[in-house]
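Here are my notes on the fold, written as numbered points. Please read them with the structure open.

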Amino acid sequence: MLAMSDEARALALEAARVADQEQASDVVVLSVGSVLDVADYFVIAGASNRRLVRRVIEEVEAQCRERLGQSPVRSEGVREQEWVLLDYGDVVIHVFLEEIRGFYEIERLYGDVDRVDWRP
């Protein structure tokens, strides 16, 4: 059985790979556990349009449920499809429209945390 931190890392890596396969742009995994109490990892991805935001989120959710038996605790922004957040507890997945991502610059806010290499 995986330890909780191993489980969270596996979920973050799977979400990043699925987002990339679905044509999300600039997929990043940040290890935020050292600066946040609410999560160990952020997965951040961009999408060029709202349909792609929806497709990425739906596929990440489906694959994480199928492959890892994990479902989000909650989600936000699904209706607007500009910045969708899937909260899995220790892992929070953010999928942004590219212009919204550029406005909030979430990676810059967490520039001092480690980036996790998620590519196989």
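1. A definition comes first: two strands pair if DSSP finds at least two bridges between them. Strand 4 and strand 5 (residues 91-97) meet that condition, as five bridges join them, and they run antiparallel. Leu 86 stands opposite Ile 93 in strand 5. Keep in mind that this is a predicted model.

2. Six strands make up an open sheet with mixed pairing, in the order 3-4-5-2-1-6. Which strands stand at the edges? They are strand 3 (74-76) and strand 6. Each has a single partner strand, so one side of each lacks a neighbour in the sheet.

3. Strand 2 has pairings of both senses. With strand 1 it pairs over five bridges in the antiparallel sense. Ser 31 stands opposite Tyr 41 of strand 2. With strand 5 the direction is parallel, and seven bridges make the join. On that side, Ile 44 has His 94 as its bridge partner in strand 5.

4. Is strand 2 enclosed or open to the outside? Seven of its seven residues are buried, so strand 2 is largely enclosed by the rest of the structure. In a regular strand, side chains alternate between the two faces of the sheet. Here Tyr 41, Val 43, Ala 45 and Ala 47 point one way. Phe 42, Ile 44 and Gly 46 point the other way. Residues of both sets are buried.

5. Aromatic pairs deserve a check. The structure holds four of them. One is Phe 42 with Tyr 110: the ring centres are 5.3 Å apart and the planes stand at 85°, so the pair is edge-to-face. The cut-off for that class is over 60 degrees. This pair links distant parts of the chain, 68 residues apart. Phe 42 is in strand 2 (residues 41-47), while Tyr 110 is in the loop between helix 4 (106-109) and strand 6 (114-115). Both residues are buried.

6. Trp 83 and Tyr 104 form another aromatic pair, this one tilted, at 4.9 Å centre to centre with 50° between the planes. Trp 83 lies in strand 4 (residues 83-87) and Tyr 104 in helix 3, so the pair ties together parts 21 residues apart in sequence. Trp 83 has a relative accessible area of 30%, which makes it partly exposed. Tyr 104 is also partly exposed, at 41%. Ring pairs link Trp 83, Phe 96, Phe 103 and Tyr 104 into a cluster.

7. Look at the surface beside that cluster's residues. Trp 83, Phe 103 and Tyr 104 form a nonpolar patch there, with about 350 Å² of accessible area together. Phe 103 lies in helix 3 (residues 98-104). Its relative accessibility is 64%, so Phe 103 counts as exposed.

8. Where is Glu 22? It sits in the loop between helix 1 (4-21) and strand 1 (25-31). Glu 22 counts as buried because its relative accessibility is 17%, and the limit for buried is under 20%. Leaving aside residues up to four places away in sequence, Glu 22 touches Leu 52, Arg 55, Val 56 and Glu 59.

9. Leu 109 is a further point to inspect. It is found in helix 4. With a relative accessible area of 57%, Leu 109 is exposed. Leu 109 and Ala 47 are 62 residues apart in sequence. In space, they are 20 Å apart, C-alpha to C-alpha.

How values were computed: Residues numbered from 1 in each chain as written. Predicted model: local features only at pLDDT ≥ 70, side-chain atom pairs only at ≥ 80, totals over all residues. Heavy atoms only, no water. Helix = DSSP H or I, 4+ residues; strand = E, 2+ residues; numbered from the N terminus. Buried < 20%, exposed > 50% of the residue type's maximum accessible area, 1.4 Å probe, protein only. Contact = heavy atoms within 4.5 Å. Patch = residues over 30% accessible without salt bridge, like charges linked within 9 Å, V, L, I, M, F, W, Y side chains within 5 Å. Areas by Shrake-Rupley, 256 points an atom, 1.4 Å probe, with all protein chains shown as cover. Salt bridge = Lys/Arg side-chain N within 4 Å of Asp/Glu carboxyl O. Phe/Tyr/Trp six-rings, centres within 6.5 Å; stacked < 30°, edge-to-face > 60°.
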